[in-house]
Amino acid sequence: MSFFDVVFYLFATITVLAGVGVVVARNPVHAALFLVLAFCSAAGIWMLLEAEFLAITLILVYVGAVMVLFLFVVMMLDINLVKLREGFWRWFPFGALLAGLMVFEMIWVLGSRQTADVSKAIVHASDYSNTKELGRLIYTHYVYPFEIAAVILLVAMVAAIALTLRRRTGVKSQNVAEQVKARKADRLRIVSMKSEPKVNNK
Amino acid sequence: MMEWLQPIQNLLGAAWLPLWTVVKIMLIVAPLMGAVAYLTLAERKVIGWMQIRIGPNRVGYFGLLQPIADGLKLFMKEIIVPSGSNKFLFVIAPIMVLMPALAAWAVVPFNAELVLSNANAGLLYILAMTSLGVYGVIIAGWASNSKYAFLGCLRSAAQIVSYEIAMGFALVTVLMAAQSLNLGEIVKGQHGSYGMLNWYIIPLFPMFIVYLISGVAETNRAPFDVAEGESEIVAGFHVEYSGMAFALFFLGEYANMILVAFLTSIMFLGGWLSPVPFLPDSIVWMFGKVAFVLFLFLWFRATFPRYRYDQLMRLGWKVFIPVSLIWVVVVGAWMQTPYWLW
């Protein structure tokens with residue numbers, strides 16, 4: 001077993017164990033943290049395949065931004081664990097069916113003759129830049145699909161904002177323009193006055 | 001230049017490469033820890049002078065042994081784990097703060113030859129590592145089982161996610177100008193016959209400001225230190241920590257400050273390049289620039305009052321992100337004209 005294999009099996013084991021952890025963890029925060037671990041080790045496997053752009057983007061986008069917001073929400077939820085586990089056995093057959101379907105699909109795809117050649121990794125020269133190659137392909141060969149995907153994302157983003165935007169009345173919010181416009185003369189009045197007569201406390 | 005190491009290399013055989021890498025890592029981390037220790041002293045001295053005080057001057061000549069005394073004190077103290085807290089997460093949170101702050105140094109070049117890993121995707125790697133730092137803060141706040149710590153961690157999570165976007169766009173303009181993600185190439189792209197006029201701070205000046213201020217916000221430094229907010233939420237996310245666990249948060253914060261200072265000098269201030277054409281390029285320039293940026297950090301802390309939280313969010317989302325988006329387009333259009341001189 002070469003060093004490459006050792007690293008692969010290490011990352012693969014961590015990924016699978018972390019995936020199991022996501023499902024079995026009692027606490028939702030622990031589950032989210034297990035998911036972070038799964039993402040990190042999956043990024044490690046991609047790195048082994050010399051897909052450094054995808055690996056680092058996985059960390060940057062999913063671990064650095066998406067999961068932070070996930071944790072943010074999950075930590076603030078008031079979750080009743082007993083209630084959460086109530087319908088477990090009722091939904092178990094459905095979940096098992098889905099899981100079985102996915103395993104079947106993966107065996108079908110990964111075990112077929114057409115995809116078998118992919119398992120041989122292509123070794124590139126040390127000056128090969130995965131990022132540059134991806135950028136070149138995306139902006140030349142696949143420029144239209146890429147732009148269409150970007151527009152769809154933009155529409156989804158606008159829609160998400162439009163769905164949650166509501167005008168609320170009676171909200172105490174600051175008018176920043178007014179605050180910035182405030183000058184010393186508006187707020188402060190300097191008066192010159194005579195000193196008060198001495199108070200006699202006796 | 002490493003010929004004298006050849007006999008050792010032959011002796012060790014296959015074990016040479018991992019061993020030599022560990023030695024190089026130590027050669028980066030050990031001076032970094034020293035720099036962190038003396039940055040705390042520099043901070044107290046500089047802020048002291050700015051406020052017409054003397055600063056620490058009792059331990060050792062000129063207060064020079066103060067960081068060692070502080071470190072010893074923190075080593076001696078007991079680490080108290082609060083009841084009802086999650087012990088495992090409570091203990092790994094400070095490690096999670098320090099780990100990415102140290103890991104990012106792998107791709108930082110000190111001069112044209114001195115770099116641990118000359119990775120092609122260095123800039124992306126730095127972005128990914130700095131985005132991991134927030135986990136330590138979030139886990140610390142949540143695992144402490146304290147409402148002040150929790151408030152601090154929520155503030156910090158929202159703040160870091162917001163400022164990361166503007167920071168990322170600032171770096172996008174740098175990579176457009178340098179046409180490379182390799183940090184060494186970015187510095188070499190700023191080389192030219194006009195000294196400091198060739199640096200990216202000239203065409204990317206608005207992005208330099210955005211990056212510097214976002215860097216202050218990312219490292220939770222004053223005036224963006226709402227995650228700690230001693231006067232409102234009593235030190236925020238690390239309120240329950242004591243002893244060495246508490247010290248690790250500080251090590252992480254200062255290591256991050258030094259990292260941001262290095263990155264600012266690499267991206268915008270020409271790294272190890274000399275500011276005037278008649279002087280040679282040297283690592284001394286690098287350290288000088290880093291010291292200047294670090295001084296700015298201390299100066300900000302001594303000068304500005306803490307931001308109110310809504311103002312902080314407004315600055316991130318409504319000022320920095322639009323400005324950086326516009327500047328990406330401006331640089332892109334500018335580079336297509338013959339007036340792009342960098």
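With 11 C-beta neighbours inside 10 Å, B:Gln179 counts as exposed; a residue is termed buried if 20 or more other C-beta atoms lie within 10 Å of its own, exposed if 12 or fewer, and partly exposed in between, with C-beta atoms placed from the backbone. The structure is a predicted model, in which local features need pLDDT of at least 70 and side-chain atom pairs count only at pLDDT 80 or more, whereas totals for chains, interfaces and linings use all residues. Residues are numbered from 1 along each chain as its sequence is written, while chains are lettered from A and ligands numbered from 1 in the order in which they are written.

B:Gln179 is located in the loop between H6 and helix H7 (183–188) of chain B; helices (H or I, at least four residues) and strands (E, at least two) are DSSP runs, numbered from the N terminus. Although B:Gln179 is not a glycine, its phi is positive, at about 55°, and this residue comes just after H6(B). Most residues other than glycine have a negative phi. A positive phi is also found at B:Asn145, a residue other than glycine, with a value near 55°. B:Asn145 lies in the loop between H5 and H6 of chain B. B:Asn145 counts as partly exposed because it has 15 C-beta neighbours inside 10 Å.

H6(B) comprises 32 residues and extends 46 Å from its first C-alpha to its last, close to the 46 Å expected at 1.5 Å a residue; the expected span is 1.5 Å times one less than the number of residues. Of the 32 residues of H6(B), 24 are buried, so the helix is largely enclosed by the rest of the structure.

The contact involves 18 residues from chain A and 17 residues from chain B, two residues being in contact if their C-beta atoms, placed from the backbone, lie within 7 Å. On the side of chain B that touches chain A, at least two residues each are supplied by helix H5 (122–143), helix H6 (147–178) and helix H12 (309–336) of chain B. H5(B) provides the largest share of that side, 9 residues. The residues of this side of chain B divide into 13 nonpolar, 2 polar and 2 charged; Ala, Val, Leu, Ile, Met, Phe, Trp, Tyr, Cys and Pro count as nonpolar, Asp, Glu, Lys and Arg as charged, and the others, Gly among them, as polar.

Chain A has 9 helices and 0 strands. Of the 202 residues in chain A, 11% are buried.
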